[in-house]
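Subject: Handover of a structure and the findings so far

Dear colleague,

Please find below the structure that I am handing over to you. The findings follow directly after it.

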Protein chains: 2
Amino acid sequence: MSQERKKAPTMADVARLAGVSSMTVSRALRADAPASAETRRKIQEAADELGYVLNSTAAGLSSRKTGFIAVTIPSINNSNFADTVRGLTEGLKDVNLQVLLGYTDYDMNAEEKLIESMLRRRPEALVVTGGSHTGRARRLMANAGIPVVEMWDLPEKPIGHVVGFSNRETSQAMCRRLYEKGYRRIGYIGGASSRDTRGADRRRGYEEAMRELGCDPRVTAFGDPPITMRQGGGALAQMLERWPDIDAVICVSDLSAFGALCECQRRGLSVPQDIAIAGFGNYDLADCAVPSLTTVEVHAERIGRRTAELVLERLTGENPDSAPVTSLMDFQIIERESA
Amino acid sequence: MSQERKKAPTMADVARLAGVSSMTVSRALRADAPASAETRRKIQEAADELGYVLNSTAAGLSSRKTGFIAVTIPSINNSNFADTVRGLTEGLKDVNLQVLLGYTDYDMNAEEKLIESMLRRRPEALVVTGGSHTGRARRLMANAGIPVVEMWDLPEKPIGHVVGFSNRETSQAMCRRLYEKGYRRIGYIGGASSRDTRGADRRRGYEEAMRELGCDPRVTAFGDPPITMRQGGGALAQMLERWPDIDAVICVSDLSAFGALCECQRRGLSVPQDIAIAGFGNYDLADCAVPSLTTVEVHAERIGRRTAELVLERLTGENPDSAPVTSLMDFQIIERESA
DNA sequence: TTGAAAGCGTTACCAT
DNA sequence: ATGGTAACGCTTTCAA
């Protein structure tokens with residue numbers, strides 16, 4: 001029964017079968033356009049019989065509305081970014097906008113390529129993670145003629161809208177909190193390169209805060225971002241070797257924090273008595289681990305929802321020419337058992 | 001300097017500026033097509049000057065090749081599926097195929113809608129996770145006239161290619177392994193509904209194996225899939241209440257297994273001495289946790305790569321009319337400290 | 001190697 | 001409420 005499909009049916013085919021023009025089919029297939037109930041029924045029937053599926057490639061070409069929102073994230077395997085994408089998708093689906101998702105592997109050159117390939121699809125808006133881009137990528141975005149949103153960061157020179165927070169401040173805040181609790185010999189565990197610009201900002205915040213507080217920064221960088229759990233454990237081991245008297249560590253993410261925690265457990269060090277540990281991101285893991293991890297909640301899903309709002313404001317005509325907005329999202333330290 | 005963009009430049013604009021026909025531009029912009037080096041240079045220059053970006057919506061309409069591979073996964077926030085998507089993306093990018101990703105939230109009706117909306121984009125192949133679909137979804141896929149791959153499962157009645165493994169067998173194997181190690185009062189922790197069909201299959205495998213071994217199945221179902229870490233902990237608590245003499249639990253995923261592990265730790269139960277725990281998926285977490293988790297490795301990334309291979313065989317003409325293939329992937333029990 | 005013409009399948013626009 | 005016609009921006013096809 002492998003009936004070779006000669007050719008997919010088009011609107012014209014449906015129109016012929018229903019005895020109407022293809023314009024009428026076009027209208028009947030959309031909720032808003034005018035069409036009599038009877039006509040709609042006939043057309044629906046014909047479409048079902050033929051197994052017709054609208055070709056939105058053609059529709060997009062004609063209407064200049066592809067229904068795409070292009071979104072780039074550093075990694076597809078990251079709970080925080082996944083939450084943001086969920087927020088975005090949910091916030092967009094009521095208006096029939098589809099997320100076209102791509103990931104950059106924390107690589108600006110990959111991002112540039114990705115942005116170009118996405119722009120070819122003529123998305124109606126472009127959402128990127130982070131505020132550091134190649135020159136060409138910046139140009140592409142600025143000239144695309146569509147709303148642009150940079151998320152998860154506060155770029156010095158925004159391209160369009162911004163929905164983010166200061167990664168620097170999160171680690172400063174965490175650092176001060178630990179200081180208040182009496183910790184003085186606080187270390188930092190993060191990735192070895194600055195590919196993860198948000199991670200690099202958090203490290204910078206840590207260093208600044210330490211100096212302000214009159215403490216020496218103690219940084220252990222370990223591997224290419226994103227730093228894994230296992231690398232977090234390795235970093236803690238290195239740190240203990242170099243600074244055996246360390247009494248707390250701030251980690252670039254909950255994953256590395258958990259790795260550090262596990263390393264402590266293997267070594268028989270108790271957390272937080274022997275060493276306190278703080279993470280970032282408020283992953284499920286942080287809440288569940290024993291001891292649970294003190295961390296930073298950054299409301300990843302809200303970032304996505306807010307981004308969707310800004311995009312929609314521009315796109316649905318409510319505010320098509322609004323000036324670029326910087327939406328500063330709040331974060332909060334979640335104190336748990338580990339610090 | 002907010003220069004209002006009148007209209008995005010087209011090939012015709014580039015052609016005019018370069019003093020050639022738009023056909024020549026079309027060819028020059030692609031690596032393969034014939035065009036003299038000099039012409040290429042001129043055209044590249046003109047394109048750069050205008051900030052021209054190819055419109056692949058129009059290109060796709062004309063060539064009937066959109067360059068999309070549609071992929072559906074249950075959840076975007078799942079390390080295993082993320083790995084599969086990575087494998088797919090990597091395996092596809094050399095030939096300029098782009099993954100169009102969507103998630104179903106473990107809901108067959110959402111899947112149906114998603115598949116239709118993706119089919120409208122005229123992808124060149126369709127890859128779905130799992131083998132259970134609504135009737136309409138099946139029809140849509142079967143009639144789409146493109147290669148279809150069902151992953152992560154072994155459907156009874158495949159639509160096209162299959163790249164999967166028997167979820168039932170994974171838990172049977174785990175169950176037998178625990179039995180061999182001397183455990184007899186083995187429980188199972190999973191989701192409360194069958195939305196996660198792969199999870200439901202694993203539970204079935206557990207039940208079958210237990211009966212074969214002459215043991216009573218003890219199942220604690222807890223919450224809608226995907227079951228979280230916290231729910232895994234809650235499920236363990238319930239299980240201990242109902243069957244205080246339990247000596248091992250098999251969990252539907254490493255996440256719930258970790259939740260169960262943490263619950264044990266909070267209760268002062270040692271793992272595996274008081275109770276053994278096994279997970280599924282071989283997440284980073286399983287390797288890192290203390291004690292590390294015995295689990296099932298299913299080679300998620302390989303599933304993606306193999307899927308890419310099958311799609312490419314059909315698409316690149318090497319084997320355009322090949323019969324549907326079922327590619328049985330292997331899995332393995334990873335024995336660690338927890339069981 | 002290059003160009004001209006004819007679509008690709010839909011929607012915008014203007015009539016009726 | 002419905003239909004006719006002309007795009008939309010590209011590639012295919014056929015010629016030169």
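This is a predicted model: local features need pLDDT of at least 70, side-chain atom pairs count only at pLDDT 80 or more; totals for chains, interfaces and linings use all residues.

**Helix 1 and helix 3 of chain B**

In chain B, helix 1 (residues 11–18) packs against helix 3 (residues 37–50) at an angle of about 120 degrees, and their axes are 9 Å apart. Helix 1 of chain B and helix 3 of chain B are therefore oblique to each other. Their crossing is right-handed. On the side of helix 1 of chain B, the contact is made by Asp13(B), Val14(B), Leu17(B) and Ala18(B). Helix 3 of chain B contributes Lys42(B), Ile43(B), Ala46(B), Ala47(B), Glu49(B) and Leu50(B). Sorted by class, this contact of helix 1 with helix 3 of chain B has seven nonpolar and three charged residues, but no polar ones.

**Helix 8 and helix 9 of chain B**

The crossing of helix 8 and helix 9 of chain B is right-handed. Residues of helix 8 of chain B in this contact include Asn167(B), Arg168(B) and Cys175(B), while those of helix 9 of chain B include Arg198(B), Asp201(B) and Tyr206(B). By class, the contact of helix 8 with helix 9 of chain B has four nonpolar, five polar and nine charged residues.

**DNA strand C**

DNA strand C is surrounded by 25 residues, and the closest are Met11(A), Ser26(A), Tyr52(A), Thr24(B) and Thr39(B). Of the atoms of DNA strand C within 4 Å of the protein, 69% belong to sugar or phosphate, and the rest belong to bases. A polar backbone atom of Met11(A) is 2.5 Å from a phosphate oxygen of DNA strand C. For a backbone N or O atom of Ser21(B), the distance to a phosphate oxygen of DNA strand C is 3.0 Å, and for one of Ser36(B) it is 3.1 Å. Helix 4 of chain A gives the most to the surface near DNA strand C, with four residues. The residues of that surface near DNA strand C divide into eleven nonpolar, ten polar and four charged.

**DNA strand D**

Around DNA strand D there are 25 residues, of which the closest are Thr24(A), Thr39(A), Arg64(A), Ser26(B) and Tyr52(B). Sugar and phosphate account for 62% of the atoms of DNA strand D that come within 4 Å of the protein. Which part of DNA strand D lies 2.5 Å from a polar side-chain atom of Arg27(A)? It is a base nitrogen. A side-chain N or O atom of Ser26(B), by contrast, is 2.3 Å from a phosphate oxygen of DNA strand D. Likewise, a polar side-chain atom of Tyr52(B) lies 2.2 Å from a phosphate oxygen of DNA strand D. Helix 4 of chain B gives the most to the surface near DNA strand D, with four residues.

Yours sincerely

Terms used
Residues are numbered from 1 along each chain as its sequence is written. Chains are lettered from A and ligands numbered from 1 in the order in which they are written. Side-chain values use heavy atoms; hydrogens and water are left out. Axes are lines fitted to C-alpha atoms, for helices over the stretch in contact, and angles run from 0 to 180 degrees between N-to-C directions. Helices (H or I, at least four residues) and strands (E, at least two) are DSSP runs, numbered from the N terminus. Angles under 35 degrees count as roughly parallel, over 145 as roughly antiparallel, 65 to 115 as roughly perpendicular and the rest as oblique. A crossing is left-handed if the near helix is turned anticlockwise from the far one by less than a right angle, and right-handed if clockwise. Contact means heavy atoms within 4.5 Å. Ala, Val, Leu, Ile, Met, Phe, Trp, Tyr, Cys and Pro count as nonpolar, Asp, Glu, Lys and Arg as charged, and the others, Gly among them, as polar. A residue is near a molecule or strand if one of its heavy atoms lies within 4 Å of it. A polar contact is a pair of N or O atoms within 3.5 Å; within protein, one must be able to donate a hydrogen and the other to accept it, and residues adjacent in sequence count only if both atoms are side-chain atoms.
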